[in-house]
Amino acid sequence: MKPTLFLLAAGMGSRYGGLKQLDGLGPNGETIMDYSIYDAINAGFGKLVFVIRKDFEQDFRDKIISKYEGHIPCEMVFQALDALPEGFTCPADRTKPWGTNHAVMMGADVIKEPFAVINCDDFYGRDSFQVMGKFLSALPEGSKNVYSMVGFRIGNTLSDSGTVSRGLCGTDANHLLTSVVERTKIQRMDGEVKYIDDNGEWTATSENTPVSMNFWGFTPDYFAYSQEFFKTFLSDPKNMENLKSEFFIPLMVDKLINDGTATCEVLDTTSKWFGVTYPEDRQSVVDKIQALVDAGEYPAKLF
């Protein structure tokens, strides 16, 4: 069974100020998402599922889905503030979505096979889809509790325009994830990758330290765990009082690996991640994509 690619697009409108501003960065106006989908098809993924906001449905169907439909089956699911387990009510003043893992939970009814989760606006690169596609395709039918994450080498994910935040991953001898520590200020200084540690000191780390860029691989049992743990999350008064609290994927994965319920293999990739972290990154992303097209990595027109 071919794996599914689950794309987190629910935040798109807020982040871009509407779909019409889905930025064309490729030579023929391709978006970053177009490259991810092209890479996923070539890596053996068999279906796309987009999680979006319901009020975007028609716009999204016309502008986005119509592009891919002849190439790969597509489905949409919707993230809403009131999509909560029975017995829970959304605080009246809350406007912020419940986070990435809540978005993933919306796929439970349409995804019955191993699946990967990505952000729509991150350029992950061909090799990362190949390693994830290979991992998911090799899982025996009915596999459970065997997850994965693409671990990008930190040196391949930095911005020239300023510091970045990354989840630095700890692994054991079997390349299984043991921890993800969020570091909010990372940059290359004097030829070394450095981050600010808990004491406020700049600390060097290897160029190859794996970091999480929100590219995860799961089997469908993940949905039931998420449903249960989300109830625990919502039962904590501070998560209800804080109108910006979010149920993130690393929170769920961290719980499952610490409980000994599941393992998460960190897959190494040679891909260079890039995205528009700062407005001044835009031109550099355009240049990087053009260089990949010039090198023959991608055709000038994808779809």
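## Pro237 and the basis of the model

Pro237 is exposed, with a relative accessible area of 52%; exposed means over 50%, buried under 20% and partly exposed in between, for a 1.4 Å probe and protein chains only. Pro237 belongs to helix α7 (residues 237–241), where helices (H or I, at least four residues) and strands (E, at least two) are DSSP runs numbered from the N terminus. Between the C-alpha atoms of Pro237 and Phe78 the distance is 26 Å, at a sequence separation of 159 residues.

The model is predicted: local features need pLDDT of at least 70, side-chain atom pairs count only at pLDDT 80 or more, and totals for chains, interfaces and linings use all residues. Residues are numbered from 1 along each chain as its sequence is written, and side-chain values use heavy atoms, with hydrogens and water left out.

## The second largest pocket

The second largest pocket has a volume of about 560 Å³. A pocket is an open set of points on a 1 Å grid over the protein atoms alone, where a 1.4 Å probe fits, with protein on both sides within 12 Å along at least five of seven lines; lining residues have an atom within 4 Å of a point. Grid points are joined across faces, edges and corners, and the volume is the space filled by probe spheres set on the points.

The lining of this pocket comprises 27 residues, and Asn156, Lys272, Trp273, Phe274 and Lys288 lie nearest the centre. At least two lining residues come from each of α5 (126–137), β8 (177–189), β13 (274–275) and α9 (282–294); the largest share, 4 residues, is that of α9. By class, 7 lining residues are nonpolar, 12 polar and 8 charged. In this scheme Ala, Val, Leu, Ile, Met, Phe, Trp, Tyr, Cys and Pro are nonpolar, Asp, Glu, Lys and Arg are charged, and the others, Gly among them, are polar.

## Salt bridges

There are 15 salt bridges in the structure, each defined by a side-chain nitrogen of Lys or Arg within 4 Å of a carboxyl oxygen of Asp or Glu. One of them joins Glu113 and Lys47 at 3.6 Å, N to O. Glu113 is in the loop between α4 (100–105) and β4 (115–119) and Lys47 is in strand β2 (residues 47–52), so the pair ties together parts 66 residues apart in sequence. Glu113 is buried at 10% relative accessible area, and Lys47 is buried at 14%.

Asp259 and Lys255 form another salt bridge, with the closest N and O atoms 2.7 Å apart. Both lie in helix α8 (residues 249–259), 4 residues apart, and are therefore separated by about one helical turn. Asp259 is partly exposed at 46%, as is Lys255 at 29%. Elsewhere, shared partners join the salt bridges of Lys47, Glu75 and Glu113 into one network.

## Aromatic rings and charges

The whole structure contains 24 aromatic pairs. Rings of Phe, Tyr and Trp (its six-membered ring) pair if their centres lie within 6.5 Å; planes under 30 degrees apart count as stacked, over 60 as edge-to-face and the rest as tilted. Phe50 and Tyr68 are stacked, because their ring centres are 6.2 Å apart and their planes meet at 10°. This pair links distant parts of the chain, with Phe50 in strand β2 and Tyr68 in helix α3, 18 residues apart. Both Phe50 and Tyr68 are buried.

Phe218 and Tyr222 are also stacked, at 3.7 Å centre to centre and 10° between the planes. The relative accessible area is 0% for Phe218 and 0% for Tyr222. Ring pairs link Phe6, Phe115, Tyr147, Trp216, Phe218, Tyr222 and Phe223 into a cluster.

Arg53 lies over the face of Phe56, 4.5 Å from the ring centre; a charge sits over a ring if NZ of Lys or CZ of Arg is within 6 Å of the ring centre and within 35 degrees of the ring normal.
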